[in-house]
Amino acid sequence: MSETKTARKTRSAAPTRAYKSDFLNILQERGFINQCTDEAGLDALLTSERVTGYIGFDLTAQSLHVGSLIGIMTLRWMQKCGHRPIVLLGGGTTKIGDPSGKDETRQMLSAEQIAANKESIGRIFDRFLDFREDGALFVDNDEWLSELGYIEFLRDYGRHFTINRMLTFDSVRLRLEREQPLTFIEFNYMLLQAYDFVELYKRFGCRLQMGGSDQWGNIVNGTELGRRTGTPELYGLTTPLLTTASGAKMGKTASGAIWLSPEMLSPYDYWQFWRNTEDADVGRFLRLYTELPLDEVARLEALEGAELNEAKKRLADEATALAHGREAAREAAETARQTFEQGGIAGGLPSVEVSRDDLEGGLGVLAAFVLAGLAASNGEVRRGIKGGAVRVNGEQVRDEKTQLGPSDVQDGVIKLSMGKKKHALLKVV
């Protein structure tokens, strides 16, 4: 969202100085901090008492994906530093839909769909947070939003928001500039999110709201509504919205979203996603998505050439262990080792040799699949691509003009798949 004068005054880029609190120091060192409404005040609060803070997650799908993981890790670090995280599930706000970053109105979900999504998403957090007595909290904002009297809400809270200011927020302004409809119900979303913050303070003494940088305006609304309604100072902290080194949105790949639920994406495919991390992202992702000590991260990201693959495997191991457990990570790593490092012998995969020189010049995906014996002709490969059946190293191929090159080589091979049962390896010599 665009920043009002008040927001601009409070904005601060990730600082270079050390904090007094462990929590902010860890977030700074590992690259989590983007903006903070009052970093000195929040730092003092974190050093003087146990702070309760929250992040909201709307229930628009059956699972969260990797794009939500930076927020989940923020909550995890908060708990590890002795504070109390709240996972705010948006059972109420999902009925409206957050317009932030969206060109179109979200599809409206039924109460039954929202309830089912709430149950499946809730299970994801059990791996990351401790919800035992006096631990992290699950809270659903439908508990209070569904009980609001509309007239009373507008009288008590709506008067603190002006249309002039709301029209300056990116979620509203960009939709209007692009002549995309913005419904009145979506326009109310920012009021309800601000009210969530005030209500969480009343119920649980919550003083901190965190979220991605696209939530900055919503978060500032909450801190200002708290000030106008007489709460102690509330604080906001945002994390960066991440893209990969090549500019891809985090959590999205050519084959679809990287879901955190094992029912929607297997632990092996999840492991492979991290194993396929671009070279330039390895160090950054190790800091954000694992709990490895920073000196170990520095050692791993300093590796070069083929040795950097060891850092990628370590990233895959640690990230998968957090999401699915250490045993699932071990099994995924072993499956990958048998498939790639043993040349497919353990899995019975056929292999065909190709020269590195051929790959340097680019090997067309159509020719590669014919060469590997997975298709009888280029036309068959094209039909497979249109049907979503063609994959390279587990990633779906969508363009028949795709060229395979050295960057596709993993441990000396490239894995080709046609459908679920036909696989082969290109062994680089």
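**A pocket, some strands and a few loops**

Mentor: Let's begin with a space: the second largest pocket holds about 1100 Å³. Keep in mind that this is a predicted model.

Trainee: Which residues are closest to the centre of the second largest pocket?

Mentor: The lining of this pocket is made up of 39 residues. The ones closest to its centre are Asn276, Glu278, Glu395, Ser407 and Asp408.

Trainee: Which element gives the largest share of the lining?

Mentor: Several elements give two or more residues to the lining: strand 7 (252-253), helix 13 (267-275), helix 16 (308-324), strand 12 (395-396) and strand 13 (403-404). The largest share is three residues, and it comes from helix 16.

Trainee: How many residues of the lining are charged?

Mentor: The lining can be split by residue type. Twelve of its residues are nonpolar and 15 are polar. The charged residues number twelve.

Trainee: Between which domains does the second largest pocket lie?

Mentor: Look at who supplies the lining. Two domains both give residues to it, so the pocket lies between them. They are domain 2 (266-343) and domain 3 (351-428).

Trainee: What is the bridge partner of glutamate 353 in strand 15?

Mentor: Strand 9 and strand 15 (residues 422-428) run parallel, paired over four bridges. Strand 14 (residues 413-418) also pairs with strand 15, in the antiparallel sense over six bridges. There, valine 413 has lysine 427 as its bridge partner. For glutamate 353, the partner in strand 15 is lysine 427.

Trainee: Which residue takes a positive phi in the hairpin of strand 14 and strand 15?

Mentor: This hairpin has three residues between its strands. The residue with a positive phi, near 75°, is glycine 419.

Trainee: Is asparagine 393 buried or exposed?

Mentor: Asparagine 393 lies in the loop between strand 11 and strand 12. Its phi is near 55°, a positive value in a residue other than glycine. A residue is called buried when its relative accessible area is under 20%. Asparagine 393 has 7% relative accessibility, so it is buried.

Trainee: What is the relative accessible area of aspartate 134?

Mentor: Aspartate 134 is found in the loop between helix 5 (111-125) and strand 4 (137-140). Its phi is positive too, near 65°, and it is a residue other than glycine. Aspartate 134 is partly exposed, and its relative accessible area is 49%.

Trainee: How many of the residues of strand 6 are buried?

Mentor: Check each face of strand 6 (residues 235-239) in turn. On one side Tyr235, Leu237 and Thr239 are buried, and on the other Gly236 and Thr238 are buried, which covers both faces.

Trainee: Which residue of strand 3 stands opposite glycine 56?

Mentor: Strand 2 (residues 52-58) has five buried residues out of seven, so the rest of the structure largely encloses it. Strand 2 and strand 3 (residues 84-90) run parallel and are joined by seven bridges. Opposite glycine 56 stands leucine 88.

Trainee: One last thing: how many disulfides are found in the whole structure?

Mentor: Let's look at two cysteines on the way. Cysteine 36 is buried, at 3% relative accessibility, whereas cysteine 81 is partly exposed, at 22%. A search of the whole structure for disulfides gives a count of zero.

Notes: Residues numbered from 1 in each chain as written. Predicted model: local features only at pLDDT ≥ 70, side-chain atom pairs only at ≥ 80, totals over all residues. Heavy atoms only, no water. 1 Å grid on protein atoms, 1.4 Å probe; cavity = no way out; pocket = protein on both sides within 12 Å on 5 of 7 lines; lining within 4 Å. Points joined across faces, edges and corners; volume = space filled by probe spheres on them. Nonpolar A, V, L, I, M, F, W, Y, C, P; charged D, E, K, R; others polar. Domains from an automatic or database assignment. Disulfide = S-S within 2.5 Å. Buried < 20%, exposed > 50% of the residue type's maximum accessible area, 1.4 Å probe, protein only. Pairing = 2+ DSSP bridges.
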